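This briefing concerns a single protein chain, and the points below are grouped by topic. Please consult the sequence and the three-dimensional view while reading.

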Amino acid sequence: MRHPSHRRGVLYYALLAAVRPISADTGWDPALVTGAFSAGLVVSGVAGITVGRILDGTGPRNLMIAGSLVGVLALVLVGLAPNLPWFAAAWLLAGTAQAAVLYQPAFTVISRWYGPARVRPLTILTLVAGFASTIFAPLTASVCNAVGWRGAFLVLAGLFGAVTVPLHARCLNRSWQHVSRGALLIEERALVRGIRRSPGFVGLQALMVLLCLGLYTVTLNIIPLLMEKGADYTAAALGLGLVGAGQVGGRLLFAAIPAKARITVVTGTATGALLLLALLPGSVPLLIGAGMLAGAVPWLPETLLQATIVADRWGATSLGTLQGSFAAPLTVVTALAPAAGPAIAAWLGSFNAMTAAMAAATGIALLIAAGSLLRSSHAR
């Protein structure tokens, strides 16, 4: 799974960095532009369940090549979009590509390849992908300034296809050698149903949904937040890019956190970072630093924590199906976050007030996580 950062950078961060020039050129409401992106993420979450089943049954190569080609087509349609409905339809198509080529299938492939030794390659994958926003948010802003947002998405489509399709064709298994084609065994299906309905599975999903709602709503709207506090567009785009640097630091420190305390530490850090963003005055360097701290957190539930906890707790049997089911509500929350930020900011009067409200949401997640840790300690 080489060079994952460009897949996430092109299919994810490019649109977030381009909302302002798209809206300025077309007159489309920024909330509707980010809403189209959010709708694509909802499609990604739903499609991810089917993608997981396909991965379990047939292997990754053909699926991920097809996903890459769909991604190229979607980006071309974005760049050519004559109106908002066309633009939104193109992002719905991009959502199917996201399901096939981003984190979830990569987690499944690596876990199947490496088995118990999966932690190190998963860490490498997420570290490299953590630079996606650092590279592609400023790059997209620069290309938009040079050739316009339409030209920028056509350039990104060409880059995406030229890099991703050959890598998937060369580096991925055509099929899993030890898995026969066809439906999963009845026993495996029953096992998967039992796991998905278990209190541990559902409870962990619920906690991370609340955590991710607060974090993604702020970090994915950090450009308007920073601009509201006095930063210009270029500095604000750099702030979004440096959120990725925070991701890298968070992932490097993740393994040092005791396993049973990880959820509590992550939610506590999240709450503190969002409070800093809400309370700090308009010093751009300080705000960007707080953004990097916030950026160290939200991708942990989506990446390393999720990638390890599903396989560690429930094994590699039908891992693609379990990963797809586990990730679906988190992806939906991520989908709602870009549009939820401006909506909440409009309701509360500012992006700063929105950030404070999201700090309260992660604070509730912190109380739940701490209570769970205390109950676990008393049970021993």
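Thr321 counts as buried because its relative accessibility is 4%, where buried means under 20% relative accessible area, exposed over 50% and partly exposed in between, with a 1.4 Å probe and protein chains only. The model is predicted: local features need pLDDT of at least 70, side-chain atom pairs count only at pLDDT 80 or more, and totals for chains, interfaces and linings use all residues. Residues are numbered from 1 along each chain as its sequence is written, and side-chain values use heavy atoms, with hydrogens and water left out.

**Thr321 and its setting**

- Thr321 lies in helix α15, which covers residues 319–348; helices (H or I, at least four residues) and strands (E, at least two) are DSSP runs, numbered from the N terminus.

**Overall architecture**

- The chain has 16 helices and zero strands.
- Of its 380 residues, 55% count as buried.
- Contacts (heavy atoms within 4.5 Å) between residues at least 6 apart in sequence join, in 82% of cases, residues at least 24 apart.
- The chain exposes about 14900 Å², and carbon and sulfur atoms supply 68% of this area; accessible areas come from the Shrake-Rupley method with a 1.4 Å probe, and for residues only the protein chains shown count as cover.

**Aromatic pairs**

- The structure holds six aromatic pairs; rings of Phe, Tyr and Trp (its six-membered ring) pair if their centres lie within 6.5 Å, and planes under 30 degrees apart count as stacked, over 60 as edge-to-face and the rest as tilted.
- In one of these pairs, the ring centres of Phe37 and Trp91 are 5.7 Å apart and the planes stand at 85°, so the arrangement is edge-to-face.
- This pair links distant parts of the chain, with Phe37 in helix α2 (residues 30–58) and Trp91 in helix α4 (residues 84–101), 54 residues apart.
- Both Phe37 and Trp91 are buried.
- Trp91 also pairs with Phe153: the centres are 6.3 Å apart and the planes are at 85°, so this pair is edge-to-face.
- Here too distant parts of the chain are linked, from Trp91 in helix α4 to Phe153 in helix α7 (residues 132–171), 62 residues apart.
- Phe153 is buried, as is Trp91.
- Ring pairs link Trp28, Phe37, Phe87, Trp91, Trp149 and Phe153 into a cluster.

- Ala36 is placed in helix α2 and counts as buried because its relative accessibility is 4%.
- Leaving aside neighbours within four places in sequence, Ala36 is in contact with Phe87, Ala88 and Trp91.
- The C-alpha atoms of Ala36 and Leu92 are separated by 7.5 Å, with the two residues 56 apart along the chain.
- Ser38 also lies in helix α2, and its relative accessibility of 6% is why Ser38 counts as buried.
- Not counting residues up to four places away in sequence, Ser38 touches Ala335, Leu336, Pro338 and Ala339.
- For Ser38 and Leu92, which are 54 residues apart along the chain, the C-alpha separation is 8.9 Å.

**Thr271**

- Thr271 is located in helix α12, residues 262–279.
- Thr271 is buried because its relative accessible area is 11%.
- The residues that Thr271 touches, not counting those up to four places away in sequence, are Ala359, Thr362, Gly363 and Leu366.

**Cysteines**

- A search of the whole structure finds zero disulfides, a disulfide being a pair of cysteine sulfur atoms within 2.5 Å.
- Cys144 is buried because its relative accessible area is 7%.
- Cys212 is likewise buried, with a relative accessible area of 1%.

**A nonpolar surface patch**

- Leu80, Trp86 and Leu154 form a nonpolar patch on the surface, with about 280 Å² of accessible area together.
- Patches are made of residues with over 30% relative accessible area and no salt bridge, where like charges are joined within 9 Å and nonpolar side chains (Val, Leu, Ile, Met, Phe, Trp, Tyr) within 5 Å; a salt bridge is a side-chain nitrogen of Lys or Arg within 4 Å of a carboxyl oxygen of Asp or Glu.
- Leu80 is found in helix α3, residues 61–80, and is partly exposed because its relative accessible area is 49%.
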